[in-house]
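User: I would like to go through this structure with you, one region at a time. Please begin with a helix.

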Protein chains: 2
Amino acid sequence: MRRTTIKDVASQAGVSIGTVSAVLNGRDSVNSLTKVRVLEVIEELNYRPVEAARRRLGTPREKTLGFVVKEIHNPYFADIIVGAQEEALRRGYRLIVMSSEKIFEHEVDAIRVLVEKDIDALIINPLLAADGRTDQFDRLIANNIPFVMIEGLTDGPRASTVDIDNERGAATATRYLLDSGHQKIAHLEGPAYSQHAVERRAGVLSEAPEAIIFPAGATLKEGYHAVLELLKIEQPDAILCYNDLVAIGAMRGLGELELRVPEDVSVVGFDDIEISSFLSVPLTTVGVPRREIGRQAAAIAVHEIEGPRGTPPERVLLEAELVLRASTTNRR
Amino acid sequence: MRRTTIKDVASQAGVSIGTVSAVLNGRDSVNSLTKVRVLEVIEELNYRPVEAARRRLGTPREKTLGFVVKEIHNPYFADIIVGAQEEALRRGYRLIVMSSEKIFEHEVDAIRVLVEKDIDALIINPLLAADGRTDQFDRLIANNIPFVMIEGLTDGPRASTVDIDNERGAATATRYLLDSGHQKIAHLEGPAYSQHAVERRAGVLSEAPEAIIFPAGATLKEGYHAVLELLKIEQPDAILCYNDLVAIGAMRGLGELELRVPEDVSVVGFDDIEISSFLSVPLTTVGVPRREIGRQAAAIAVHEIEGPRGTPPERVLLEAELVLRASTTNRR
DNA sequence: TTGAAAGCGCTAACAA
DNA sequence: TTGTTAGCGCTTTCAA
């Protein structure tokens, strides 16, 4: 079924399309009876102008950056979005967000939709496709639309990337646990779709090759359930979690097992989301400059839109720093 | 400075626009030398096709719903977005999100941008403008674009609304505190830009006219600072907070003052965000069906796009239910 | 006050 | 293999 157009309205109302257009744009040259008739037909046919056609093709449009995120409700990504929006606005761009909710097909669709919406550049936080697919970026390349990756794919397309040094961050935290006398370290590992999970695990193992690697995920629930399972089979004196949400879930689980943090078990998170410092046992964690990640991604995106052609992709790697709070202790 | 068009590329490359178009669309009828030349010029001029023109105006586009939210990083709104996206996808629509970050001008801009991007309907979680402005919706009305409000403006435009019964929820929680023997109830009030803040306050006062109303806000930090200030001047035995984040911030503040929850002070939140049940003292709160709010809003939006004309606006009011956990106690 | 027609950037059909 | 042209939905002159 064709979309109703201005022609349909015009013929139905028995006027020319020019007249309908005049009504649409509220010009006062229109006879009031004609106007009423046109408005009635618009209502009757439920007519909506195609916006792209109104702005006379090629008229400068609002400048926009698209952002495709994995999980919009994750406070980690939310802060990155906020940072990206800040920077985008500062440079005269609007930020439009779509979430793949960790479903690969949705990520592909989101890119397509944003291209269709004529964004000027894209920031993407890509999923690690099980089959290593990266052809969703072909459309961007074909349309000459710059894109910046956050948490980039190692074997992905040649594109600018903003990321943090996960391996080093995880290694630093692990080193700290060892130095403060912890004997048995467990790592609650992140989800399979995340490049960060791989890197953080590697960081832990680089310092503590004996560490227990236990699968968890990225959420409160997953942290909670994982720790209950883990404690059935092992008695670690420190748990380094994939992220703060997992750590908070784990602390809850430890509480139910009547284990005290940090007296019985030290817990370390990753990300330093805002709530981590507001817990009754404030969380030791590896701080990730989330807003800065967003800001830099947006800055690079704008630079690639406006800058000279052919600049090589940038690769920004931000530091993640250990933030000591009350959930860890010295066991020496 | 005009945007580079296909004509520019064609003349610069010394070919017709048809040939450039063929190259753009990867048709193999193009001589490889010609193709190379065209691609060089595309690169040189940094040409990007206007997407709206490509899809031959009027060609069915991806169906999309816009969502303008107040604060994208607030877990409360994030869950509403997730619910809206679920429902939108189920019905064949994509969800595009923009955040006003509580700045009224950004809300106005976001609406304009989404209209320009030709969304089919809009879901909005509007700010309470200090001056009561609502003309940002005129553009939607003029374009015959349905819109659904979440947390609607009482004196706003005639539009469908999905909301919860805040007053009743707050009243129920207050009643519970009174019935369980609390003598002195304080309410940490929400921000001025929020209609919910007004309603929740009214709910508290309807049951406890003597309640101390203390301004806080909507964030962890605000709850934390507010409770420190409040406790300087009053000694409530129960604090009912605008939302869970404020409650969590307040509990942190109480902890620093060496007050125990719930032994010394009961604390009640509002919203029941996920983390509230994972705290070391799980939070008693008023549960808000956030995903359901989003789902219903999306369902109504789609209905207004596709349904028969002239259906009157719907007004959905969902119940908020008290969830008892460990942060409150019986003082009798 | 209205209608007719050019033109926005692009694709696709057809002609050369 | 390439060029020419109609047409997508709309706005905006310009004429009537």
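**Helices, sheets and the chain contact**

Analyst: Helix H5(B) is mostly covered, as 13 of its 16 residues are buried. Please note that this is a predicted model.

User: What span should the 16 residues of H5(B) have, and how far apart are its end C-alpha atoms?

Analyst: H5(B) covers residues 75-90, and at 1.5 Å a residue it should span 22 Å. Its end C-alpha atoms are 23 Å apart, which agrees.

User: And which residue takes a positive phi just after H5(B)?

Analyst: That is Gly92(B), with a phi of about 85°.

User: Moving to chain A: which residues of H1(A) are buried?

Analyst: In H1(A), residues 6-13, the residues Ile6(A), Val9(A) and Ala13(A) are buried. They lie on the same side of H1(A) because they cover an arc of only 65° around the axis.

User: Strands next. Which way do the residues of S3(B) point?

Analyst: In a regular strand, side chains alternate between the two faces of the sheet. In S3(B), residues 121-124, Ala121(B) and Ile123(B) point one way, while Leu122(B) and Ile124(B) point the other way. All of these are buried.

User: Which strands does S3(B) pair with?

Analyst: S1(B), residues 64-69, pairs with S3(B) in the parallel sense over four bridges, and Val68(B) has Ile124(B) as its bridge partner there. S3(B) also pairs with S4(B), residues 147-150, again in the parallel sense, over three bridges.

User: What is the strand order in the six-stranded sheet of chain A?

Analyst: The order is S7-S6-S8-S9-S10-S12 in an open sheet with mixed pairing. Its edge strands are S7(A) (212-215) and S12(A) (321-323), each of which pairs on one side only. On average, neighbouring strands are turned by 20° against each other, direction ignored.

User: How do S10(A) and S12(A) run, parallel or antiparallel?

Analyst: S10(A), residues 284-287, and S12(A) run antiparallel and are joined by three bridges. Gly287(A) stands opposite Glu321(A) in S12(A). Helix H9(A), residues 195-207, packs on this sheet and touches S6 (185-189), S7, S8 (238-241) and S9 (266-271) of chain A. The direction of H9(A) makes about 175° with that of S6(A).

User: Last topic: how many residues of the two chains are in contact?

Analyst: There are 52 residues of chain A in contact with 52 residues of chain B. Elements of chain A that each supply at least two residues to this side include H3, S2 (94-99), H6 (104-116) and H11 (244-256). H5(A) gives the most, with six residues.

Definitions and conventions:
Residues are numbered from 1 along each chain as its sequence is written. Chains are lettered from A and ligands numbered from 1 in the order in which they are written. This is a predicted model: local features need pLDDT of at least 70, side-chain atom pairs count only at pLDDT 80 or more; totals for chains, interfaces and linings use all residues. A residue is buried if 20 or more other C-beta atoms lie within 10 Å of its own, exposed if 12 or fewer, and partly exposed in between; C-beta atoms are placed from the backbone. Two strands pair if DSSP finds at least two bridges between them. The arc is that of the directions from the helix axis to the C-beta atoms. The expected span of a helix is 1.5 Å times one less than its number of residues. Axes are lines fitted to C-alpha atoms, for helices over the stretch in contact, and angles run from 0 to 180 degrees between N-to-C directions. Two residues are in contact if their C-beta atoms, placed from the backbone, lie within 7 Å.
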